[in-house]
Each structure stands twice: as C-alpha cells, then as structure tokens.
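Work through the exercises below with the sequence and the model at hand. Try each task before you read its solution.

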Number of protein chains: 2
Amino acid sequence: MDYNDLYQFMLDNIQKIVMPEELIKIELSVSRFELAALMLAERHDNITMSALAQGMSVPMSTATGVVDRLVRKKLLKRDRSEEDRRIVTVALTEEGSELLEKVKKHLRLFFDRVKSLLTEEEFETGINLIRKIALGLRQDQTVSGDRPVLSRRAIKIE
Amino acid sequence: MDYNDLYQFMLDNIQKIVMPEELIKIELSVSRFELAALMLAERHDNITMSALAQGMSVPMSTATGVVDRLVRKKLLKRDRSEEDRRIVTVALTEEGSELLEKVKKHLRLFFDRVKSLLTEEEFETGINLIRKIALGLRQDQTVSGDRPVLSRRAIKIE
DNA sequence: GCGCATATTTCGCTATACGAACTATTAGAC
DNA sequence: GTCTAATAGTTCGTATAGCGAAATATGCGC
C-alpha cells in the first residue's frame, strides 16, 4: 500500500468520505453539530452555552442556533442559572436521552458488524492500533503550540 | 474495549467527528462535495454532469451548484459535448490539478505521520485490517438489496 | 415535423454558520 | 452606592448549501 493506493482507496470510498454526516442525519434527523451538542449535554450536566460552544469549537452565535433547533425539537431544555443570571444552562430532555440511546444502539450495531468481520484477535489488535494512533496524533497536535481555537471559516479564494 | 469505552472515545473525539469537513476546508477552501467533484473529474476525463452527480450521490441540481462554484474558482472548466449537445462535460483546469496535488501532499503527510507512530509491522497489520473491514462492510451493504440511491434529506421531526 | 425521452440549468425555498451589534447581568473601582 | 468594564448570550443580517420542481435545450423514432 503506497500513496497512490491510498488515494485510490479514498476515491473508491468518496461516498463514505462525503457521507459521514448523512449517516447521522438519515437515521436521526439531527445534524452533526446537533449530535455533538446532545452528546456534550449528556456528558456534562447542565452545561453552559459557553462550554457547549467551546466543546464544539464554534462561536456562541452558532451554538445558540444549534440549541435553538434542539429546543424546538424538544431534545434539549434551556435554563437560566440562579446564581449568575447571565448564564444559560442546557440539559437533555427525556426525548433527548432517548435519541442518544438510539445513537448508541446504532453505534453498537456498527461495532458488532465490524467485530463480526474479524477474529477476536484481529479486533483487539485493531483497537490497540487505533488507540495508539489517536494518542500519537493528539500529542503531535498539542506539541505544535497552543493552537488558537482554530478559526473555522476558510479563507475565500480571491 | 466495550461499547461504553467506544462511546467515550467518540465523545473525546467529538471535534474530529464534527470536523472532517473542516480539515479540508481550512487547508484548501473547498467543501467536501467540491473536493469529491474534483477527484471524480481527475479520475474520469471529461466526466458528464450526470456521472458526477451519480458519483457524489446527489441530485443534478446540487451537482450544478457544486460545479458552478468550482468553475467560478477556476478549478474546473465546463464544456458542451459536440456529439450530443445536451451533454455538459467537466474537466480540471491547471489550477484544479494543482489543488489536487496539494490534497495528495496533505494525504501523504498524514499517511507518514501515522506511519511514524507505528512500527513497520503494525502499519502493515493496520492496513490489512482496514482493507478487510472495508471489504466486509461493502459486501454487507450490497447484499441488502439494490439500495435506491438513498434519499439524502432527513425526515423532519414533527 | 411531432412527441417523447434525456441532460442540464434555473428558481424558489429551507437550513446552516457566523460576525457584529445588542441586551442583560455581574464584578470591580472609587 | 453608582459608574464602568467585563462576561454570557441572543438577535440580526448575510452568505452559502442542498434540493425539488419547473423550465430549457437537444436528440431520437416514426
């Protein structure tokens, strides 16, 4: 497997490269940011808008929009903190939790599908490789300076 | 590694899940569809709009939009077939090819980065596992009926 | 030539993402 | 206390995206 093979491989799998988001949407009718927000809300009880925005690496105005939609869909609820009335916190609704359960179920299915394609040993090896790579990449990234919360808008051509 | 670990892992990597598209954009100021179109154009000389749309699994109206933007950015050029004047073909410009070279370069760098994190042997094993999984998943998919060019719009809630 | 099929574009609509300006609340200076 | 600056979020305007339906243009069969 050399560079050209890799490139070829990417080409052959364009659909999947182009699709990751679609998978989510088709199954669950939430966008990737919405899913991320739900997951963050699950992880951190009563997460603040700022934390949410940071967690997703988007500006607050975007986070507001994402949460707006999720509230409209009744997957999240907003609340204002009593101690500091500037702060808005966000939490999963019953429906939101249910949706996340569905996500997990899908994930489990996928996980199982992959598992079924490999031997026990291959699977373990695979997981370890991924872990190793993920860890390595993360470190590389951290080393290369206190990345300035990367600006997400690409520079337009001309 | 069980389901919960996996979910946890996803959570820890939300940024990357949310970001795949951003990586492309930041580096190259093209969207994922645009990149896919360029790659398809590279692959098939003078590809038709229909083929392009099919290759990306999007309706023609979307493909038109994508190509419009790429033409505006001077990365693609449109031409009308002489034999059948209904057909519009699309080809890379010089600039388009250059951009793809950049993509490949990025890919190579990433490839090398991953390589550097693993031993030669680990790397080979990894590639083989991926191949095996990709193949397996593809087969699963094909088995499950002549999938009807999946509709890409999610059903709205309520 | 007529009518139907094919290839593509145009149009209108709905989402999304985001910067800048604005609002509300808190904390600090005096 | 009250004035000011900082903080947390939202609103507003704008640009881009994806797409279905209708429109346009061309080719084909007879």
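The model is predicted.

**Exercise 1. Describe helix H4 of chain A.**
Task: state how many residues H4(A) has, what its span is, and which of its residues are buried.

Solution. 
- Step 1. Set the limits. H4(A) covers residues 32-43, which is 12 residues.
- Step 2. Check the span. From first C-alpha to last, H4(A) reaches 16 Å, close to the 16 Å expected.
- Step 3. Count the covered positions. In H4(A), 10 of 12 residues are buried.
- Step 4. Name them. The buried residues are A:Arg32, A:Phe33, A:Glu34, A:Leu35, A:Ala36, A:Ala37, A:Leu38, A:Met39, A:Leu40 and A:Ala41.

**Exercise 2. Pack H4 against H5.**
Task: work out how H4(A) is oriented to H5(A) and which residues make the contact.

Solution. 
- Step 1. Take the axes. Those of H4(A) and H5(A), residues 49-56, come within 10 Å and cross at roughly 125 degrees.
- Step 2. Classify the angle. Angles of 65 to 115 degrees count as roughly perpendicular and those over 145 as roughly antiparallel. H4(A) is therefore oblique to H5(A).
- Step 3. The crossing is right-handed.
- Step 4. List the contact. H4(A) supplies A:Phe33, A:Ala36, A:Ala37 and A:Leu40; H5(A) supplies A:Leu52, A:Gly55 and A:Met56.
- Step 5. Sort by class. This contact has six nonpolar residues, one polar and no charged.

**Exercise 3. Pack H4 against H6.**
Task: repeat the analysis for H4(A) and H6(A), and say which residues meet.

Solution. 
- Step 1. Take the axes. H4(A) and H6(A), residues 60-72, have axes that come within 10 Å and cross at roughly 80 degrees.
- Step 2. Classify. The range for roughly perpendicular is 65 to 115 degrees, so H4(A) is roughly perpendicular to H6(A).
- Step 3. List the contact. A:Phe33, A:Glu34, A:Ala37 and A:Leu38 of H4(A) meet A:Val66, A:Arg69 and A:Leu70 of H6(A).
- Step 4. Sort by class. Five residues are nonpolar, none is polar and two are charged.

**Exercise 4. Inspect two loop residues.**
Task: where do A:Asn46 and A:Lys74 lie, and what is the phi of each?

Solution. 
- Step 1. A:Asn46 sits in the loop between H4 and strand S1 of chain A. Its phi is near 45 degrees, positive in a residue other than glycine.
- Step 2. A:Asn46 counts as partly exposed because its relative accessibility is 47%.
- Step 3. A:Lys74 is in the loop between H6 and strand S2 of chain A. Its phi is positive too, about 65 degrees.
- Step 4. A:Lys74 has 53% relative accessibility, so A:Lys74 counts as exposed.

Conventions
Residues are numbered from 1 along each chain as its sequence is written. Chains are lettered from A and ligands numbered from 1 in the order in which they are written. This is a predicted model: local features need pLDDT of at least 70, side-chain atom pairs count only at pLDDT 80 or more; totals for chains, interfaces and linings use all residues. Side-chain values use heavy atoms; hydrogens and water are left out. Helices (H or I, at least four residues) and strands (E, at least two) are DSSP runs, numbered from the N terminus. The expected span of a helix is 1.5 Å times one less than its number of residues. Buried means under 20% relative accessible area, exposed over 50%, partly exposed in between (1.4 Å probe, protein chains only). Axes are lines fitted to C-alpha atoms, for helices over the stretch in contact, and angles run from 0 to 180 degrees between N-to-C directions. Angles under 35 degrees count as roughly parallel, over 145 as roughly antiparallel, 65 to 115 as roughly perpendicular and the rest as oblique. A crossing is left-handed if the near helix is turned anticlockwise from the far one by less than a right angle, and right-handed if clockwise. Contact means heavy atoms within 4.5 Å. Ala, Val, Leu, Ile, Met, Phe, Trp, Tyr, Cys and Pro count as nonpolar, Asp, Glu, Lys and Arg as charged, and the others, Gly among them, as polar.
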